[in-house]
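Today I am opening my notebook on a new structure, and you are welcome to read along. I will jot down each thing as I look it up.

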Amino acid sequence: MSGDEDDVHMFLRPSTPRFLLGVAVLLALGVCLLYIAVFTAPILGLRLFLGALGVGSLIVTVRMWAARNLELELTRDVLREAGGGRELARVVSVVKVDRGPFAFKPPNGFLLRLEEKGSRVWVPGLWWRLGRWVGVGGVVNAGQSRAMAELISDFAEAARKERDET
């Protein structure tokens, strides 16, 4: 791979205000659910259910907080976590980039449909991958996300044309 292909063309970082709001809402939800489970739920089954939801919400809060410094970077070949981290998608395998209002995508984000399946991964507030779909967004800036989606679309189209010519 040449140096030009490995150059980072764009970064996507969590927006600090959106990130803090997301963490605060998840934390408040977890605390409220646990409070209701312990002090006000009338039957044991409901207490257990609300307690499990509360603990789950707190676990997601911790996972989101742990991902606070993650950034996504786009090269001509791959979308990945910054610093050579996990690979979200190879650009050549992108079939479609969907940013429409009715797409099953994260808020302020976009959805990539890929040719091949990948493992299931979820980084709360930033990205997820489920089979052939990769969702990017959540607590990111909408303008940066839109620009990255357009750049991925352009790179994928160029990669398909190059692949078809060979």
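My entries below go through the salt bridges and then one hairpin.

**Entry 1: the model.** A reminder to myself before I start: this is a predicted model.

**Entry 2: counting salt bridges.** How many salt bridges does a search of the whole structure find? I got seven.

**Entry 3: R13 and E71.** I began with R13, whose side chain meets that of E71 in a salt bridge, with 2.6 Å from N to O. Where in the chain do R13 and E71 lie? I found R13 in the loop between β1 (10-12) and α1 (16-40). E71 is in the loop between α2 (44-66) and β2 (72-74). The two are 58 residues apart, so I noted this pair as a link between distant parts of the chain. Next I checked accessibility: R13 has a relative accessible area of 39%, and E71 has 22%. Buried would mean under 20%, so E71 counts as partly exposed. R13 is partly exposed as well.

**Entry 4: R99 and E150.** My next stop was the salt bridge of R99 with E150, where the closest N and O atoms are 3.7 Å apart. For R99 I wrote down a relative accessible area of 39%, partly exposed. For E150 the value is 41%. Exposed would need over 50%, so E150 is partly exposed too.

**Entry 5: R163 and E115.** Helix α3 came up again here, as R163 lies in it. Which residue does R163 meet in a salt bridge? The partner is E115, at 3.3 Å from N to O. E115 sits in strand β6, 48 residues apart from R163, and the pair links distant parts of the chain. I have R163 as partly exposed at 36% relative accessibility, and E115 as partly exposed at 37%.

Entry 6: I then turned to strands β3 (residues 78-81) and β4 (residues 87-90), which run antiparallel and are joined by three bridges. Which residue in β4 is the bridge partner of V78? I looked it up, and R90 is the one. β3 and β4 form a hairpin with five residues between them. In the turn I marked G83, which has a positive phi of about 80°.

Note on methods. Residues are numbered from 1 along each chain as its sequence is written. This is a predicted model: local features need pLDDT of at least 70, side-chain atom pairs count only at pLDDT 80 or more; totals for chains, interfaces and linings use all residues. Side-chain values use heavy atoms; hydrogens and water are left out. A salt bridge is a side-chain nitrogen of Lys or Arg within 4 Å of a carboxyl oxygen of Asp or Glu. Helices (H or I, at least four residues) and strands (E, at least two) are DSSP runs, numbered from the N terminus. Buried means under 20% relative accessible area, exposed over 50%, partly exposed in between (1.4 Å probe, protein chains only). Two strands pair if DSSP finds at least two bridges between them.
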